[in-house]
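Work through the two exercises below with the structure at hand. Try each task before you read its solution.

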Amino acid sequence: MVVLLFGAPGSGKGTQSRFISERRKIPAISTGDMLRAECRAETELGLTARTVLASGGLVDDELVNALVVKRLSKRDCRQGFILDGYPRTVPQAIFLDGFLKRSGLPHPTVIHLDVPIAVLVSRLSSRRQCSSCDRVYNLLYRPPVKGGICDHDGHKLFQRNDDSEEVVRQRLEGYQNLCGPLLRYYSGPHYHRIDGQCAPQQISEQVKKLILADAKDKPRKPVRRATPLVPYPAPSTEIS
Ligand SMILES: [Zn+2]
C-alpha cells in the first residue's frame, strides 16, 4: 500500500508515520530527511540541493522528483511505502501518479491530519530546548520536572527563534497555502481527513481502520515502458 501523509508541522505526522510503518511493514520516507542525507553524502543531487537551499530558494520539483524516484526504486519499496513531505506541489503529485502507475503500485491512500492553526501555534510555541544537550521539551505534553531547567543536565531551557509564535504562525500559513491545491487534487474516495486534535491513540485507531480497509485494494498491473525512467540528474552514489 502507498500512503501519503499530509499535516502541518506539529500535527503528529511523525507518530502516525511510525505506526503505519510498523503495522504494514513498509518504509516511512521523509523527503526532508532524504535531502539532508544527500547533502551529507555530497552526491550530485545533494550538492545541487545545497546550492539551491543556500541561496534561500526552494528545491525545484524536478530535483525532488528525482530524489524520490531514486528512493522508491529500492527493493524495500516494492510492497509500498509511506511518504511524508512529498508531494508538495500539484506537478509533483502528477509525477508521482505516473510513477505509481508505471510501477504497478496502487493508488495512494491520502491521510490528512487536520489541526486548526491556533492549536498548532500553541503546540509549537510551547517547545523549549536545552541550551547544553539540545533535548526538546514541550510545556504542554512533556514539561521538565523543574520549570525552565533541563531534567538531564540542569542547564537552562530556551525557546528557539523559529518556535516563536509569530514565526510559527507564518510557517503554518505558508504550509496551508501550499497544501490547499494538493488536497483538492487528491479529493475523492482515497482522501481521508482525520481530526488531528484527538489523542494520538485515537488517531492511530482511525488510521488502523483506514489502512486495513485500503489493504483490500488490488494492486495495478505494471505498465511496460520502452525506455527506463532515469532520474534527473543521474545519481552518482547510492545512499542507503
Ligand atoms: Zn540538557
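**Exercise 1: a metal site**

C133 is partly exposed, at a relative accessible area of 26% (partly exposed lies between buried, under 20%, and exposed, over 50%, with a 1.4 Å probe and protein chains only). The model is predicted: local features need pLDDT of at least 70, side-chain atom pairs count only at pLDDT 80 or more, and totals for chains, interfaces and linings use all residues. Numbering starts from 1 along each chain as its sequence is written, and side-chain values use heavy atoms, without hydrogens and water.

Task: find the protein donors of the zinc ion and their spacing in sequence.

Solution. 
1. List the donors: C130 (SG), C133 (SG), C150 (SG), D153 (OD) and D153 (OD), 2.3 to 2.5 Å from the zinc ion. Donors are N, O and S atoms within 2.8 Å of the metal (3.2 Å for Na, K and Ca).
2. Read the spacing: C-x2-C-x16-C-x2-D.
3. C133 sits in the loop between β5 (127–130) and β6 (136–138), and C150 in the loop between β6 and β7 (157–158), so the pair ties together parts 17 residues apart in sequence.
4. Check C150: it is buried, with a relative accessible area of 3%.

**Exercise 2: two helices**

Task: describe how α6 and α7 cross.

Solution. 
1. The axes of α6 (residues 117–124) and α7 (residues 165–185) come within 9 Å and cross at roughly 135 degrees.
2. The crossing of α6 and α7 is right-handed.

Notes. Axes fitted to C-alpha atoms, helices over the stretch in contact; angles between N-to-C directions. Helix = DSSP H or I, 4+ residues; strand = E, 2+ residues; numbered from the N terminus. Left-handed = near helix turned anticlockwise from the far one by under 90°.
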